[in-house]
Amino acid sequence: RNAPTENLRLDNGPWLKHSLRAARPAVLQAERVGTGQDGSYQFVDIHIQNHSQTPAFPVTVDIKDDSVRFVIDDNFFLLKSDEKKTVRVTCREGAVGTVRVGLWNGDPVIV
């Protein structure tokens, strides 16, 4: 690739997305719990917790700056009620900026 491309989000589909949006919403809380550097790579650890009785699906992690190449150690996952997960976002160039934690059946959280 010559340039970064936007992450796959499936904004207008598939059929399951509409069903999940109509269901009871899930409520996520997300916070940065650690930052660091590994050689030329910058990383941030994001702690995500589902504070509702509804499973959150799919939980997606993305950074706002589409010009920065990054890797996430897990993405597009399910969080059951009261379940917690910590994911690491690693950037090759520069610091990790604003992180968006989204889901189909609830409001996104900006970290």
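**Reading local and sheet features in a predicted model**

Reader: What is the relative accessibility of Phe76, and how does this residue count?

Author: Phe76 counts as partly exposed, at 37% relative accessibility. By convention, buried means under 20% relative accessible area, exposed over 50%, and partly exposed in between (1.4 Å probe, protein chains only). The structure is a predicted model, in which local features need pLDDT of at least 70 and side-chain atom pairs count only at pLDDT 80 or more, while totals for chains, interfaces and linings use all residues. Residues are numbered from 1 along each chain as its sequence is written, and side-chain values use heavy atoms, with hydrogens and water left out.

Reader: In what order do the four strands of the open sheet stand?

Author: Two strands pair if DSSP finds at least two bridges between them. Here the order is S1-S2-S6-S4, with antiparallel pairing. Strand S1 (28-38) and S4 are at the edges with a single partner strand each, so one side of each has no neighbour in the sheet. From one strand to the next, the twist averages 20°; axes are lines fitted to C-alpha atoms (for helices over the stretch in contact), and angles run from 0 to 180 degrees between N-to-C directions.

Reader: Over how many bridges do S1 and S2 pair?

Author: S1 and S2 pair in the antiparallel sense over 10 bridges. Gln29 has Gln49 of S2 as its bridge partner, and Thr35 has Val44 of S2.

Reader: Is Val71 buried or exposed?

Author: Val71 counts as exposed, at 56% relative accessibility. The residue belongs to strand S4 (residues 70-72). Not counting residues up to four places away in sequence, Val71 touches Arg88, Val89 and Thr90, where contact means heavy atoms within 4.5 Å. The C-alpha atoms of Val71 and Val89 are 5.8 Å apart in space, although 18 residues separate the two in sequence.

Reader: How many salt bridges are found in the whole structure?

Author: A salt bridge is a side-chain nitrogen of Lys or Arg within 4 Å of a carboxyl oxygen of Asp or Glu. The search of the whole structure finds two. In one of them, Arg88 pairs with Asp45, and the closest N and O atoms are 2.7 Å apart. Arg88 lies in strand S6 (residues 84-91) and Asp45 in strand S2 (residues 41-50), so this pair ties together parts that are 43 residues apart in sequence. Arg88 is partly exposed, with a relative accessible area of 32%, whereas Asp45 is buried, at 14%.

Reader: Which residue forms a salt bridge with Lys85?

Author: The partner of Lys85 is Asp74, with the closest N and O atoms 2.6 Å apart. Because Lys85 lies in strand S6 and Asp74 in the loop between S4 and strand S5 (77-79), the pair ties together parts that are 11 residues apart in sequence. Lys85 is partly exposed, with a relative accessible area of 27%; Asp74 also counts as partly exposed, at 25%.

Reader: Where is Asn105 placed?

Author: Asn105 is in the loop between strand S7 (99-102) and strand S8 (109-110). This residue is buried, with a relative accessible area of 4%. A polar atom of the Asn105 side chain lies 3.2 Å from the backbone nitrogen of Phe57.

Reader: How many residues does the largest nonpolar core have?

Author: In soluble globular proteins, nonpolar side chains tend to be buried together. A nonpolar core is a set of buried Ala, Val, Leu, Ile, Met, Phe, Trp, Tyr and Cys residues joined through side-chain atoms within 4.5 Å. The largest one here has 23 residues, and those with the most contacts inside it include Ile46, Val89 and Val101. The elements that give two or more residues to this core are S1, S2, strand S3 (56-63), S5, S6 and S7. S3 gives the most, with four residues. Leaving aside neighbours within four places in sequence, Ile46 is in contact with residues including Ala30, Lys85, Val87, Val89, Val99, Val101 and Val111.

Conventions. A polar contact is a pair of N or O atoms within 3.5 Å; within protein, one must be able to donate a hydrogen and the other to accept it, and residues adjacent in sequence count only if both atoms are side-chain atoms.
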